[in-house]
Structures are given as C-alpha cells and as structure tokens.
Amino acid sequence: MFGRPIGMNQGIQFPLATAFTELRAASLMRWHAAKVFQEGSRDGFYANTAKLLSSKALWNAANAAMDTFGGAGLASEYGIEQKFRAARGPLIAPISTNLVLAGIAHRDLGMPKSF
C-alpha cells in the first residue's frame with residue numbers, strides 16, 4: 001500500500017494486536033479451566049468464562065480481518081468472508097453468550113435468576 005508494507009499503519013496494527021491479545025487471554029483461561037477441572041472442580045465458572053472470552057475474541061479477530069481487507073474481504077478467494085461467517089457461530093452455540101452471562105450473574109455473582 002502506497003509503496004510500503006500495510007502493517008506499518010497503526011490503523012492495521014492496533015486492531016490485529018488487540019485481537020491477538022484477546023485470543024491469547026482466552027487461551028490462558030481455557031487452560032486454566034482444564035486445570036481446575038482436572039483437579040476435581042466441577043464449578044463451571046472457568047469453562048463458561050473461557051467460552052465467553054474465546055467466542056468474543058474470535059468474533060473480534062474476524063471483524064479485524066474484515067476491516068483490514070475492506071470490501072475485498074467479501075471476495076471468496078481470500079477466505080475472509082468464510083471465516084467471518086464461521087466466527088459468529090460460537091457466540092450463539094452450543095450455548096449463547098447471553099445464557100453464559102446469565103449463569104455467571106446468577107451462580108457466581110448471586111444475582112436473581114433472570115430466565
């Protein structure tokens with residue numbers, strides 16, 4: 001772009017760096033959830049938190065990729081649009097983000113049940 005690498009632009013760097021850090025944080029929570037489960041805990045907080053963080057991180061990464069590619073991200077030859085569509089699924093399945101949040105609010109924060 002304009003005779004220099006596109007990655008030299010902060011408008012490209014920052015969303016991609018943010019997506020990278022969110023994915024790493026979600027991965028750490030996933031490993032922590034596995035560790036506490038292996039140690040015998042059946043408290044679902046860490047697993048639910050890992051699911052929540054990872055699905056949101058994936059969606060944010062897909063948005064960053066689409067923003068980076070712009071309109072070309074919709075062209076099938078780049079594979080961005082397929083990944084963009086696939087990134088939406090974990091937000092709603094196998095359990096929706098809203099149900100995860102409602103469960104955390106009720107079980108872990110002691111709030112009244114909302115459903």
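**Side-chain pairs in the predicted model**

Serine 76 lies in the loop between α2 (45–69) and α3. The model described here is predicted. Serine 76 is exposed, with a relative accessible area of 54%. In sequence, 33 residues separate serine 76 from leucine 109; in space, their C-alpha atoms are 44 Å apart.

The structure contains two salt bridges. One joins the side chains of arginine 85 and glutamate 81, at 3.0 Å from N to O. Both residues belong to helix α3 (residues 80–86). They are four residues apart, so about one helical turn separates them. Arginine 85 is exposed, at 55% relative accessible area. Glutamate 81 counts as buried because its relative accessibility, 18%, falls under the 20% limit. The other salt bridge connects lysine 35 and glutamate 39, with an N to O distance of 3.1 Å. Lysine 35 is partly exposed, with a relative accessible area of 45%. For glutamate 39 the value is 56%, and the residue is exposed.

Aromatic pairs number three. One of them is formed by tryptophan 59 and phenylalanine 84. Their ring centres are 5.0 Å apart, the planes make an angle of 35 degrees, and the pair is tilted. This pair links distant parts of the chain. Tryptophan 59 sits in helix α2 and phenylalanine 84 in helix α3, 25 residues apart. Tryptophan 59 is partly exposed, at 23% relative accessibility. Phenylalanine 84 is partly exposed, also at 23%. Phenylalanine 69 and tyrosine 78 form another pair, with ring centres 5.5 Å apart. Their planes stand at 55 degrees, so this pair is tilted. Phenylalanine 69 has a relative accessibility of 35% and counts as partly exposed. Tyrosine 78, at 46%, is partly exposed.

Charged groups also sit over aromatic rings. The ring of tryptophan 59 has the charged end of arginine 88 over it, 5.9 Å from the ring centre. Tryptophan 59 thus takes part in an aromatic pair and carries a charge over its ring. Arginine 42 lies over the face of phenylalanine 37, with 3.9 Å to the ring centre.

Threonine 97 belongs to helix α5 (residues 97–108). Its relative accessibility is 11%, so threonine 97 counts as buried. Beyond neighbours within four places in sequence, threonine 97 contacts Leu52, Ser55, Lys56 and Leu91.

Methods. Residues numbered from 1 in each chain as written. Predicted model: local features only at pLDDT ≥ 70, side-chain atom pairs only at ≥ 80, totals over all residues. Heavy atoms only, no water. Helix = DSSP H or I, 4+ residues; strand = E, 2+ residues; numbered from the N terminus. Buried < 20%, exposed > 50% of the residue type's maximum accessible area, 1.4 Å probe, protein only. Contact = heavy atoms within 4.5 Å. Salt bridge = Lys/Arg side-chain N within 4 Å of Asp/Glu carboxyl O. Phe/Tyr/Trp six-rings, centres within 6.5 Å; stacked < 30°, edge-to-face > 60°. Lys NZ or Arg CZ within 6 Å of the ring centre and 35° of its normal.
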